[in-house]
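Take a look at the model first, then read on.

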Amino acid sequence: MALKHYILRILEENRETDISGQELADHLKVTRAAVWKAIRALKEEGYPIEAATRRGYRLLDRSDILSPESILPFLKKEYKNIPIYTHKSIDSTNLEARRKNLEATGHGTLIVANHQTCGRGRGGSVFFSPADTGIYMSLLLRVNQSLEETRQFPPAVAVSICHALERLTSAPLSVRDIDNVYIGDKKICGVLTETLLTLENQMVDSIIVGIGIYISAAPELFPKSQQSLITSLLPDESEMVSRSRIIGEIVNSLLDMCGGSDIKAYRKAYQHYLAK
């Protein structure tokens with residue numbers, strides 16, 4: 001891993017805290033010149049890093065660039081070793097998760113994109129994914145369950161997402177269409193769950209959970225036919241929560257759910273969230 005990624009991880013874990021160049025150099029066993037060069041590279045990539053004489057460097061809290069380093073601080077200790085891949089733009093995070101599945105990547109592999117060119121919705125529909133304003137992510141879960149057992153998975157996913165969002169916002173959430181999340185009568189989150197069968201025994205080896213959440217997307221970014229049907233989770237900038245934090249909370253919820261949580265509790269909670 002390049003030096004800039006180690007420095008970014010430290011800055012992400014200590015946002016709005018001054019860290020001297022000498023402290024970084026000593027910790028990473030490099031020269032201060034190497035630290036300065038790495039900081040300059042991060043600034044060129046758009047990271048809002050403030051430098052002050054005799055204080056050091058700090059990553060400003062308004063930074064919202066998605067990276068493994070930005071997501072890691074929000075993962076539970078037991079999940080910090082999951083593979084994380086972030087992309088500025090990609091065709092589809094679910095398609096990338098399928099490609100990673102062929103590489104036999106591990107349970108909990110996370111794919112995140114700032115923009116999707118071919119975002120996928122249910123039934124082959126297009127999931128519009130404008131850049132910088134949403135969360136587009138897929139989580140690859142190794143389950144080894146029968147197809148019948150996985151039928152309860154989509155409702156549990158919807159509950160897990162609602163639980164994660166409610167820890168961060170006061171939005172009144174409900175669920176429609178099995179696992180899509182709404183505020184009022186407008187959609188904020190689409191979910192595409194795909195099962196991957198093992199041909200030999202017809203068991204579900206893996207499940208890909210694709211999640212798209214509109215965080216601050218203006219309606220005019222969408223086709224006119226959809227503008228009255230969608231809304232954003234955090235339309236008011238004064239209530240902003242970083243996308244990385246939201247991703248971390250959702251991953252924690254989903255991996256907790258897969259780790260042996262009582263599925264009956266999810267079924268009960270699901271009834272609570274169902275739109276009336």
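**Aromatic rings at a glance**

Phe127, Tyr214 and Phe222 come together as one aromatic cluster. Please keep in mind that this is a predicted model. The count of aromatic pairs comes to two, and the points below take each in turn.

**The stacked pair**

- Phe127 and Tyr214 have ring centres 5.3 Å apart and planes at 5°, so this pair is stacked; planes under 30 degrees apart count that way.

**The edge-to-face pair**

- Tyr214 also pairs with Phe222, and here the arrangement is edge-to-face.
- For Tyr214 and Phe222, the distance is 4.8 Å centre to centre, with 75° between the planes.

**Burial of the cluster**

- Phe127 and Tyr214 are both buried.
- Tyr214 has a relative accessible area of 3%, so it counts as buried, the cut-off being under 20%.
- Phe222 is buried as well, its relative accessible area being 4%.

**Charges over rings**

- Lys100 lies over the face of Tyr85, 3.9 Å from the ring centre.
- Arg176 places its charged end over the ring of Tyr182, at 4.8 Å from the centre of that ring.

Terms used. Residues are numbered from 1 along each chain as its sequence is written. This is a predicted model: local features need pLDDT of at least 70, side-chain atom pairs count only at pLDDT 80 or more; totals for chains, interfaces and linings use all residues. Side-chain values use heavy atoms; hydrogens and water are left out. Rings of Phe, Tyr and Trp (its six-membered ring) pair if their centres lie within 6.5 Å; planes under 30 degrees apart count as stacked, over 60 as edge-to-face and the rest as tilted. Buried means under 20% relative accessible area, exposed over 50%, partly exposed in between (1.4 Å probe, protein chains only). A charge sits over a ring if NZ of Lys or CZ of Arg is within 6 Å of the ring centre and within 35 degrees of the ring normal.
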